[in-house]
Amino acid sequence: MLMSDPTVYVVDDDASIRDALSLLISLKGLRAAVYATAEDFLGVYDVNSRGCLLTDLKMPGMSGLDLQATLRDKGVNLPVVVLSAHGDVSTRRSALKNGALNFLEKPVDDDVLIDVLRNAVRIDEERHRTVSDRERTAARLNRLTAREREVLDLLSQGLQHREIAERLAISPRTVEVYKARMMEKLQCRTLAEVVRVGAELSAAS
């Protein structure tokens, strides 16, 4: 189940830093959840949750880079922001190369941190929205018959009804019927929407 509000997941072994970050994030209108270790976070994290991860780099047990790699290996696309007092060039490069959205050094300006976190949350929301849109489109496409999909494909290529009729060896009137059924199933109101869905179908195939 998706959480109603995006959450900033804070992973840091320093209790005072966790408390300070949690307070700051909450005061800025974001939801925060804090964990002392990467293992604690992984033990409760729901892959359907939305938000971003703000993690320290050097911690007992699994490091921030290890946590980042574990999430990537699990196929989790949660945006990651690394916050550390031990950020040399090599470590920074490794974090960013492995997909970290940003690498910030302690101490960090509060406004800079909040801007980075809000951007990470926005990116995650857009990613979820895109996935949801694709899933809805795929579900609608699955309702089409094979002939309706053919009509969709040809319409998206810009063919006229008479050309589609000749291509499929049916009458233009029959093309109209298939088109009407296909548009109803896809919940498309205009030909432009049909073309967009057809393009998504071609890209997925």
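The stops that follow concern salt bridges in this predicted model.

**First stop: Asp-56 and Lys-106.** Select Asp-56 together with Lys-106; their closest N and O atoms lie 3.5 Å apart in a salt bridge. The two residues belong to distant parts of the chain, 50 residues apart: Asp-56 lies in the loop between strand E3 (51–55) and helix H3 (64–73), and Lys-106 in the loop between strand E5 (102–105) and helix H5 (110–141). Asp-56 has a relative accessible area of 5% and is buried, whereas Lys-106, at 22%, is partly exposed.

**Second stop: Glu-105 and Arg-92.** Next, select Glu-105 and Arg-92, whose salt bridge has its closest N and O atoms 3.0 Å apart. This pair joins strand E5, which holds Glu-105, to helix H4 (residues 89–97), which holds Arg-92, across 13 residues of the chain. Glu-105 is partly exposed at 40% relative accessibility, and Arg-92 is partly exposed at 28%.

Finally, select Glu-148 and Lys-185, where the side chains meet in a salt bridge of 2.9 Å, N to O. Glu-148 sits in helix H6 (residues 146–156) and Lys-185 in helix H8 (residues 172–186), 37 residues apart. Is Glu-148 buried or exposed? Its relative accessibility is 2%, so Glu-148 counts as buried. Lys-185, at 26%, is partly exposed.

Definitions and conventions:
Residues numbered from 1 in each chain as written. Predicted model: local features only at pLDDT ≥ 70, side-chain atom pairs only at ≥ 80, totals over all residues. Heavy atoms only, no water. Salt bridge = Lys/Arg side-chain N within 4 Å of Asp/Glu carboxyl O. Helix = DSSP H or I, 4+ residues; strand = E, 2+ residues; numbered from the N terminus. Buried < 20%, exposed > 50% of the residue type's maximum accessible area, 1.4 Å probe, protein only.
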